[in-house]
Amino acid sequence: MSKKRKIIAGAIVVLALIIAMCYWQIRQFAASPLMIDQETLFTLPAGTGRVSLGAQLEDKRIVSNSLWFGVLLKLEPELAKFKAGTYRLKPGMSVRQMLLLLASGKEAQFPLRLVEGLRLQEWLAEVRRAPYIKHTLADDPLTTLTTALGLDNSEALEGWFYPDTWLYTANTTDIALLTRAHQRMVALVDEIWSHKVDGLPYKSKADLVTMASIIEKETAVNEERNKVASVFINRLRLGMRLQTDPTVIYGMGEKYNGTLTRKDLEMPSEYNTYIINGLPPGPIAMPGKASLEAAAHPLKSDYLYFVADGKGGHTFTTNLASHNRAVQAYRLALKEKNGQ
């Protein structure tokens, strides 16, 4: 072999070794863990290219070397099919696993707990505080939301959103989230209405939701819900006023300071069931499924009254004399609890 050929052969061997070492280095880089030591949210903007992504990851100290990063994407183009979004990166995740996640489009999910028994205004406040939601509701959110849902008036909003832990991705709009909750509630009410017991004093599904909202506010004990429903159903059938404090409180709005007085109970309001006959004009809170079921399937009973028993539940009675004794027992239990 001539000297020239030996030089060429040697150069080829060296080049091959360099290529092999580079390939090995790239493989090592792909398998190396991300530099993060805690769960990290990373937002990939739309239109981000390979070079830009590498620079962002290095700048945020997620990967250590954007040069190797770019070469990796050229060698394995399937890893470069990343999609815009916000992703949840976890400690121990390799560079390859991160790129596969970005290519999958499986964005981070954020939970928002919308609790039964709260009013729509309280829900809207929770939505406003939730991270990564795109806020689109105008200064008058009820008007905007009413229009977005295709409803006739904002009074049709209260009570008509399903309480649940709702999952959403970054930049989900507030209206989109609330639309999901509204559609779920409408479907649930339709289902429950279809198998309610016959003869209930409801003129519409709205009456069912209104009753369920009152039940929701009166008790948090599942086993009591159908008993509470029976009290109010019996009162409606007999033409008795419902006389339930939560409706009065709802009608007071911002005027309620945490204490309900006799004067409040005598204050005229379309929601004051100590003064009006029948159900109030609409729901007073967001009822959960259990309260809706109770409103549709009340216990068959003669109960006309109930009062707190001081133990987290209620005492149910069929006549005023028994009710008054139960009230006295509750007041005594309250004094003993407070050490008086």
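In this predicted model, the domain assignment divides the chain into domain 1 (36–107), domain 2 (109–190) and domain 3 (198–339). The centres of domain 2 and domain 3, taken over C-alpha atoms, are separated by 26 Å. Where domain 2 and domain 3 touch, the contact takes 17 residues from domain 2 and 15 residues from domain 3.

Two packed helices are described by the angle between their axes and the distance between the axes. Helix 7 spans residues 174–194 and helix 8 spans residues 205–218; these helices pack at an angle of about 100°, and their axes lie 10 Å apart. Angles of 65 to 115 degrees count as roughly perpendicular, and helix 7 and helix 8 are therefore roughly perpendicular to each other. On the helix 7 side, the residues involved are Val189, Asp190, Ile192 and Trp193, which meet Lys205, Leu208 and Val209 of helix 8. Sorted by class, this contact of helix 7 with helix 8 has 5 nonpolar and 2 charged residues, with no polar ones.

Attention now turns to the open spaces of the model. Rolling a probe the size of a water molecule over the atoms shows where empty space is left. The largest pocket has a volume of about 1,000 Å³. Its lining comprises 29 residues, and those nearest the centre of the pocket are Asp245, Tyr274, Val307, His323 and Val327. Several elements each supply at least two residues of this lining, namely helix 8, helix 9 (225–238), helix 10 (245–252), helix 11 (262–266), strand 7 (305–308) and helix 13 (320–337). Of these, helix 13 gives the most to the lining of the largest pocket, contributing 7 residues. By class, the lining of the largest pocket holds 16 nonpolar, 7 polar and 6 charged residues.

Two or more residues of the lining come from each of helix 5 (120–129) and helix 8, and helix 8 provides the largest share, 3 residues. In terms of class, the lining of the second largest pocket divides into 10 nonpolar, 4 polar and 5 charged residues. This pocket also brings the account back to the domains: its lining draws at least three residues from each of domain 2 and domain 3.

Terms used: Residues numbered from 1 in each chain as written. Predicted model: local features only at pLDDT ≥ 70, side-chain atom pairs only at ≥ 80, totals over all residues. Heavy atoms only, no water. Axes fitted to C-alpha atoms, helices over the stretch in contact; angles between N-to-C directions. Helix = DSSP H or I, 4+ residues; strand = E, 2+ residues; numbered from the N terminus. Parallel < 35°, antiparallel > 145°, perpendicular 65-115°, else oblique. Contact = heavy atoms within 4.5 Å. Nonpolar A, V, L, I, M, F, W, Y, C, P; charged D, E, K, R; others polar. 1 Å grid on protein atoms, 1.4 Å probe; cavity = no way out; pocket = protein on both sides within 12 Å on 5 of 7 lines; lining within 4 Å. Points joined across faces, edges and corners; volume = space filled by probe spheres on them. Domains from an automatic or database assignment.
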